[in-house]
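Subject: The structure I promised you

Hi,

Here is the structure we talked about. Have a look at it first, and then read on for what turned up in it.

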There are 4 protein chains.
Amino acid sequence: MNECYAGNVQDMMKLMATTISSTADSLSNEGVGEFIDELLNAKRIYVMGAGRSGLVAKAFAMRLMHLGMHSYVVGETITPAMKEGDTIVAYSGSGETKSIAELCETAKSIGGRLCLVTSKKDSRIGRIADCVAVIESHRDEVKDESAEYEVRQMRGEHRSFAPLGTIFETTAMVFSDAIVSSIMEITQCEEKDLKGRHANIE
Amino acid sequence: MNECYAGNVQDMMKLMATTISSTADSLSNEGVGEFIDELLNAKRIYVMGAGRSGLVAKAFAMRLMHLGMHSYVVGETITPAMKEGDTIVAYSGSGETKSIAELCETAKSIGGRLCLVTSKKDSRIGRIADCVAVIESHRDEVKDESAEYEVRQMRGEHRSFAPLGTIFETTAMVFSDAIVSSIMEITQCEEKDLKGRHANIE
Amino acid sequence: MNECYAGNVQDMMKLMATTISSTADSLSNEGVGEFIDELLNAKRIYVMGAGRSGLVAKAFAMRLMHLGMHSYVVGETITPAMKEGDTIVAYSGSGETKSIAELCETAKSIGGRLCLVTSKKDSRIGRIADCVAVIESHRDEVKDESAEYEVRQMRGEHRSFAPLGTIFETTAMVFSDAIVSSIMEITQCEEKDLKGRHANIE
Amino acid sequence: MNECYAGNVQDMMKLMATTISSTADSLSNEGVGEFIDELLNAKRIYVMGAGRSGLVAKAFAMRLMHLGMHSYVVGETITPAMKEGDTIVAYSGSGETKSIAELCETAKSIGGRLCLVTSKKDSRIGRIADCVAVIESHRDEVKDESAEYEVRQMRGEHRSFAPLGTIFETTAMVFSDAIVSSIMEITQCEEKDLKGRHANIE
């Protein structure tokens with residue numbers, strides 16, 4: 001019986017909560033404002049990401065559709081050709097994900113706008129993006145911070161708190177949901193409007 | 001320019017962090033222990049969920065695969081027939097999602113085990129599940145709690161903080177990632193092992 | 001070396017060609033005309049199917065999008081709520097696929113139109129459909145026809161030529177592509193128009 | 001009422017049948033034999049393709065799973081890292097699809113085997129493939145053949161019979177199903193075995 005590990009699960013969740021909260025503090029007002037502007041000015045919004053970042057991208061696209069915006073997921077069946085005036089929102093923790101970077105370059109060459117959600121502004125995608133939301137995940141960094149200390153303590157020396165980018169993905173998802181809430185405020189879209197667009201035949 | 005909304009985005013993220021933290025506190029040790037046991041004893045693990053809960057389910061299945069466990073997503077191309085000894089993990093905030101409930105009933109009739117991640121234990125799926133992880137999302141509830149007060153303040157009276165289940169999905173994702181970390185501890189699976197299984201041709 | 005089986009592969013392909021051709025002969029003009037009318041009159045077109053039939057449905061939705069029509073795949077990320085005036089195209093060889101039948105019933109209750117591509121008109125879905133395209137796959141039937149004879153000869157007695165509905169799916173795909181070509185004729189949509197809508201960032 | 005177009009639908013289907021049949025004739029025995037050998041010798045089989053070719057790839061992977069083989073779709077949730085001894089089957093009509101070509105190059109660099117289903121052997125992917133199945137779609141070619149004549153007649157001068165690769169995709173699907181049938185013969189896998197692996201909770 002693994003009941004003894006239940007405490008670890010709770011600690012891990014609280015650590016994630018702390019990380020989300022400190023990420024919120026690190027966001028720049030200008031960056032967030034620009035990000036919202038890009039979305040509101042877009043004719044159509046295309047989202048993409050690889051692996052779990054791709055799932056976060058889809059969760060965001062679904063909400064944009066609920067808001068009545070024209071959103072598409074790159075790679076899904078009925079996603080049409082991108083055109084000038086369309087905006088792509090790419091999720092890439094490293095800002096270097098090869099397949100995503102190439103798609104971003106293509107999108108830019110078509111005349112599309114590019115927003116990046118990442119933890120590395122100075123990266124292949126970051127350098128060509130029109131707008132970058134930096135989610136400070138501290139990935140691949142060893143810092144002498146109290147939070148990091150707890151992490152090491154919790155996991156022993158050698159194991160990682162959040163393997164392979166979990167912090168980035170979760171924080172990116174919370175950030176995206178907060179953006180959606182702000183757009184609801186701005187556009188005065190109410191929850192009952194969203195329910196009307198919510199899939200009724202899934 | 002929507003810079004003035006940047007503060008809202010930060011507040012929303014912090015509120016989500018608070019919710020995750022209080023959900024961690026509300027978890028029962030027995031429930032979490034059982035959940036981990038079910039996963040470790042499963043021959044194969046099938047995950048499913050509708051809409052955004054389905055995306056959280058996929059994010060979990062991806063991590064289980066990284067851990068070297070046999071995981072499948074219901075509805076994807078190469079998901080084989082379920083058999084006795086297999087376990088299904090269903091994500092449903094309400095515990096009533098029709099399509100998911102029917103799949104759960106089918107899984108039980110085949111002889112599979114059923115784990116549910118939900119905010120409603122007393123629900124159609126909850127009643128037939130072998131193990132229920134209750135994520136207290138307080139959805140559809142109006143409570144006179146300080147956290148709720150902040151929510152109402154932030155959004156005015158009439159708009160919802162987290163439309164259509166966002167709290168459940170995010171908390172379920174953080175819970176699932178914490179479960180993965182605990183399984184890594186238990187099985188002594190290290191991050192380098194995970195990297196070896198991480199998709200290299202995406 | 002399995003070179004000796006190459007002949008079997010060729011024979012199998014030719015047999016499929018024969019089946020497609022005889023299916024074409026068996027189509028009723030009224031049925032096909034109605035099917036095209038339903039599509040042209042639809043405000044938005046939703047497609048769905050389970051398993052391989054679902055893949056055929058997606059292939060059809062992709063082409064409809066190329067034609068400039070508003071198509072969606074049930075279950076994909078950005079598929080919005082269905083409304084009156086929308087039409088669903090369901091693919092089900094048996095006409096009885098449980099999950100698909102329930103979605104069709106939901107669609108009808110919303111006020112949507114229902115088109116079915118099937119090999120069994122007298123079936124759960126067939127009975128509620130507004131329009132049925134019958135693809136004669138002869139599935140589950142043993143007939144004393146020359147085509148069937150070749151099949152049995154080719155596979156010995158005990159093995160099936162086209163396991164688990166392959167004939168239905170392929171014929172349904174060829175039928176759907178032929179419908180697309182006809183719609184192109186009717187709407188005078190030219191190939192260059194299609195190329196303009198073809199995904200350019202996949 | 002578009003009943004008058006019903007005849008066009010039938011003609012189009014018959015023309016597709018003719019194309020499948022002539023493709024079957026053009027297959028080389030060595031090529032088909034090698035293709036089957038590659039699949040039977042593979043430790044695990046990964047499939048991929050872009051757009052509608054990707055749907056054909058998925059239809060093939062589903063059947064391989066039914067046969068009891070270890071198949072995965074590149075890009076789906078639980079697809080693990082590729083290793084030496086694994087084989088990739090790529091579908092690309094042109095043999096040049098950028099994203100697919102890059103994945104193929106990665107697969108080769110990992111030590112994987114590469115099979116290509118294409119209509120252009122002399123292409124970026126074709127040149128690095130271990131085995132190429134050439135599906136003669138005559139795409140982008142104008143030939144003075146009787147079949148082509150019928151095509152032009154049917155569509156008037158300016159419109160294309162099968163826009164954007166339809167012939168390739170359908171023929172590739174029929175070819176793949178024929179390969180599956182042959183593998184069933186070779187491995188003596190019977191239809192009842194397949195049914196046992198067929199998704200029972202979709």
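Let's start with a pair of residues: A:Tyr91 has A:Val117 as its bridge partner in strand E4 of chain A. Before going further, keep in mind that this is a predicted model.

That bridge belongs to a bigger pattern. Strand E3 (residues 87-91) of chain A runs parallel to E4(A), and five bridges link the two. E4(A) also pairs with strand E5 (residues 131-134) of chain A, again in the parallel sense, this time over four bridges.

How do you get from E3(A) to E4(A)? Along the way comes helix H4 (residues 98-110) of chain A, and together the three make a right-handed β-α-β unit. As for E4(A) itself (residues 113-118), five of its six residues are buried, so you'll find it mostly covered.

Now hop over to chain B and find helix H4 there, residues 98-110. Its 13 residues, at 1.5 Å a residue, should span 18 Å, and the C-alpha atoms at its ends are 19 Å apart, so the two agree. Which residues of H4(B) are buried? They are B:Ile100, B:Ala101, B:Glu102, B:Leu103, B:Cys104 and B:Ala107. The cover over them includes strands E1 (45-49), E3 (87-91) and E4 (113-118) and helix H5 (124-128) of chain B, along with helix H4 (98-110) of chain C.

Next, a spot where two chains meet. Helix H7 (residues 166-187) of chain A packs against helix H3 (residues 51-66) of chain B at an angle of about 170°, and their axes are 13 Å apart. Angles over 145 degrees count as roughly antiparallel, so that is the label for H7(A) and H3(B). On the H7(A) side the contact is made by A:Thr166, A:Glu169, A:Met173 and A:Asp177, and on the H3(B) side by B:Arg52, B:Val56 and B:Arg63.

Last one: A:Asn29, in helix H2 (residues 29-41) of chain A. Is A:Asn29 buried, exposed or partly exposed? Its relative accessibility is 34%, so it counts as partly exposed. Setting aside neighbours within four places in sequence, A:Asn29 touches B:Glu3, B:Ala6 and B:Gln10. Compare A:Met13: it is 16 residues from A:Asn29 in sequence, and their C-alpha atoms are 27 Å apart in space.

Key
Residues numbered from 1 in each chain as written. Chains lettered and ligands numbered in written order. Predicted model: local features only at pLDDT ≥ 70, side-chain atom pairs only at ≥ 80, totals over all residues. Heavy atoms only, no water. Buried < 20%, exposed > 50% of the residue type's maximum accessible area, 1.4 Å probe, protein only. Contact = heavy atoms within 4.5 Å. Pairing = 2+ DSSP bridges. Right-handed = clockwise from strand over helix to strand, strands pointing away. Expected span 1.5 Å × (residues − 1). Axes fitted to C-alpha atoms, helices over the stretch in contact; angles between N-to-C directions. Parallel < 35°, antiparallel > 145°, perpendicular 65-115°, else oblique.
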